Amino acid sequence: MIPHLLSMQDLSVDQITAILDTAETLKEIALRPIAKVPTLRGRTVCNLFFEDSTRTRISFEIAAKRLSADVINFSAKGSSVSKGEGFKDTALTLQAMGVDAIVVRHAASGAPQQLTRWVDAKVLNAGDGWHQHPTQGLLDLFTIRERLGHIEGLRAAVVGDVFHSRVARSVVQGLLTMGAEVTIVGPPTLLPPRVDTWGTAVSHDLDAVLPKTDVLYLLRVQQERMGEQFFPSSREYARIWGVDRDRLARLPEGAVVMHPGPMNRGVEVTADAADAPNSMIQLQVTNGIAVRMSCLYLMLGGEDGRAADVGGRGSNSERVEA
Ligand code: NCD
């Protein structure tokens with residue numbers, strides 16, 4: 001169904017819907033007494049992380065293990081990369097070892113695409129530079145659909161450091177593909193240069209956008225990617241672009257708040273807003289596992305794109321074999 005998962009741009013409405021529907025079926029596995037099915041038994045998934053990660057790496061690892069795949073965790077620190085081994089040789093080593101899927105995070109945009117030229121394994125992009133982070137976008141779409149019942153026609157505002165954000169590039173494309181209206185909101189210095197070609201509205205006035213927003217998606221201010229000053233101070237950023245309880249109160253009834261994590265509490269979001277009842281932030285993390293299970297299943301187990309048959313509730317039956 002999906003040869004490699006490199007960018008949200010490659011996915012059609014039908015493919016996204018299939019991933020979300022399969023994730024919905026797989027989410028239930030987490031509630032079983034033994035939260036594991038044998039679907040990917042005998043398959044090997046390698047997490048190849050050249051950049052730091054907490055939730056994405058752990059989430060992929062749990063997802064693969066719940067499907068009974070063997071998981072190898074490779075991080076550049078502590079590997080032969082620190083002896084100067086390059087990306088290609090690392091890839092060829094994994095190829096020689098016969099892994100079935102490689103989940104890759106790399107600081108260079110396009111690295112996952114390059115990897116597909118060197119290995120036979122399925123490649124899943126877990127974040128490449130400022131470019132894409134498709135499983136994050138998919139778990140966001142899943143969370144929105146689960147909570148609000150649909151995506152089409154919703155009004156989403158993506159707020160903050162869009163310029164440095166691969167998450168924004170993925171989630172915005174996903175929302176547009178699924179028929180939502182998107183407004184990018186932030187200071188001009190943090191918006192990408194060709195944002196007018198994104199197919200979204202653009203605003204520099206958060207307070208004007210809030211009453212017309214069903215999904216308020218906050219982005220992390222990516223200090224580590226900022227070689228220069230993009231705004232005067234964190235305090236000023238928080239005052240103009242940060243979301244607190246007062247700003248939450250301006251959202252329409254039923255609107256939700258999202259953030260991909262890690263959060264800078266007190267900068268893009270206050271602690272009480274992050275933990276408010278309409279905050280989806282923890283649910284996003286939980287749903288990330290089901291969505292990554294779905295991607296691994298559809299790429300490694302369900303070649304013909306059939307919905308996953310994961311057996312009856314509470315069962316760990318063999319029927320999950322694809
Ligand atoms: C994001 C990332 O690494 O791109 N985090 C994540 O995967 N949930 C977002 C970020 O770092 O701001």
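At what angle do α5 and helix α6 (residues 166-177) pack, and how far apart are their axes? In this predicted model, the two helices pack at an angle of about 45 degrees, with their axes 8 Å apart. The crossing in which α5 passes α6 is right-handed. On the α5 side the contact is formed by Pro134, Gln136, Gly137, Asp140, Leu141 and Ile144, which meet Val167, Ser170, Val171, Gly174 and Leu175 of α6. Sorted by class, this contact comprises six nonpolar, four polar and one charged residues.

Helix α2 (residues 55-66) has twelve residues, which at 1.5 Å a residue should span 16 Å, and this agrees with the separation of its end C-alpha atoms, which are 16 Å apart. Buried positions in α2 are Thr56, Ser59, Phe60, Glu61, Ala63, Ala64 and Arg66, and the elements that cover them include the strands β1 (44-49), β2 (70-75), β3 (101-106) and β4 (122-128), together with the helices α5 (134-148) and α11 (281-301).

Most residues other than glycine have a negative phi, and most peptide bonds are trans. Ser68, in the loop between α2 and β2, has a positive phi, near 70 degrees, and with a relative accessibility of 15% Ser68 counts as buried. Gly261 and Pro262 are joined by a cis peptide bond with omega of about -5 degrees, and Pro262 lies in the loop between β9 (256-258) and α10 (271-274).

Conventions:
Residues are numbered from 1 along each chain as its sequence is written. This is a predicted model: local features need pLDDT of at least 70, side-chain atom pairs count only at pLDDT 80 or more; totals for chains, interfaces and linings use all residues. Side-chain values use heavy atoms; hydrogens and water are left out. Helices (H or I, at least four residues) and strands (E, at least two) are DSSP runs, numbered from the N terminus. The expected span of a helix is 1.5 Å times one less than its number of residues. Buried means under 20% relative accessible area, exposed over 50%, partly exposed in between (1.4 Å probe, protein chains only). Contact means heavy atoms within 4.5 Å. Axes are lines fitted to C-alpha atoms, for helices over the stretch in contact, and angles run from 0 to 180 degrees between N-to-C directions. A crossing is left-handed if the near helix is turned anticlockwise from the far one by less than a right angle, and right-handed if clockwise. Ala, Val, Leu, Ile, Met, Phe, Trp, Tyr, Cys and Pro count as nonpolar, Asp, Glu, Lys and Arg as charged, and the others, Gly among them, as polar.
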